[in-house]
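Thanks, everyone, for making the time. I would like to walk through one model this morning, beginning with a single residue and then stepping back to the chain around it.

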Amino acid sequence: MRFKKMGGSLDFADLALASSLEANRSIKLMEEIDAAINRSRVETVLLQHYTVGTSQEGAKCSPPL
């Protein structure tokens with residue numbers, strides 16, 4: 001699973017949400033689901049239908065996962 005990389009400083013919203021994220025059941029469930037997924041099998045299927053490297057920008061420049 002990917003997460004947006006943030007800068008070094010936190011803003012007010014980050015500070016307000018920081019304590020609630022530790023007890024967030026949704027995030028814990030998503031982490032468990034993420035750990036259960038066999039990414040190599042998913043990527044094999046996606047690569048059959050996804051053209052990688054045919055563009056310098058947009059979705060086609062990045063691997064499907």
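Let me start with Y50, which is found in the segment that follows α3, the helix spanning 39-49. Please keep in mind throughout that this is a predicted model. With a relative accessibility of 24%, Y50 counts as partly exposed, because burial would require a value under 20%. Its C-alpha atom is separated by 7.1 Å from that of P64, a residue 14 positions away along the chain.

As for confidence, the protein averages a pLDDT of 76, and 74% of the residues score at least 70. Among the elements, helix α1, residues 12-22, has the lowest mean pLDDT, at 75, whereas α2 has the highest, at 88.

How much of the protein is made up of buried residues? The share is 0% of the 65 residues. The accessible surface of the protein comes to about 6000 Å², and 57% of that belongs to carbon and sulfur atoms.

On that surface there is a nonpolar patch, formed by L29, M30, I33, I37, V42, L46 and L65, which together have about 550 Å² of accessible area. Two elements, α2 (25-36) and α3, each give two or more residues to this patch, and the largest share, 3 residues, comes from α2. One member that I would point out is L46, which lies in helix α3 and is partly exposed, with a relative accessible area of 33%.

Finally, let me turn to charged side chains. Side chains of opposite charge can pair when their charged atoms come close. How many salt bridges does the count come to here? The count comes to 1 salt bridge, and its partners are R39 and D34, whose closest N and O atoms are 2.0 Å apart. That pair qualifies because the rule asks for a nitrogen within 4 Å of a carboxyl oxygen.

Key: Residues numbered from 1 in each chain as written. Predicted model: local features only at pLDDT ≥ 70, side-chain atom pairs only at ≥ 80, totals over all residues. Heavy atoms only, no water. Helix = DSSP H or I, 4+ residues; strand = E, 2+ residues; numbered from the N terminus. Buried < 20%, exposed > 50% of the residue type's maximum accessible area, 1.4 Å probe, protein only. Areas by Shrake-Rupley, 256 points an atom, 1.4 Å probe, with all protein chains shown as cover. Patch = residues over 30% accessible without salt bridge, like charges linked within 9 Å, V, L, I, M, F, W, Y side chains within 5 Å. Salt bridge = Lys/Arg side-chain N within 4 Å of Asp/Glu carboxyl O. pLDDT = per-residue confidence, 0-100.
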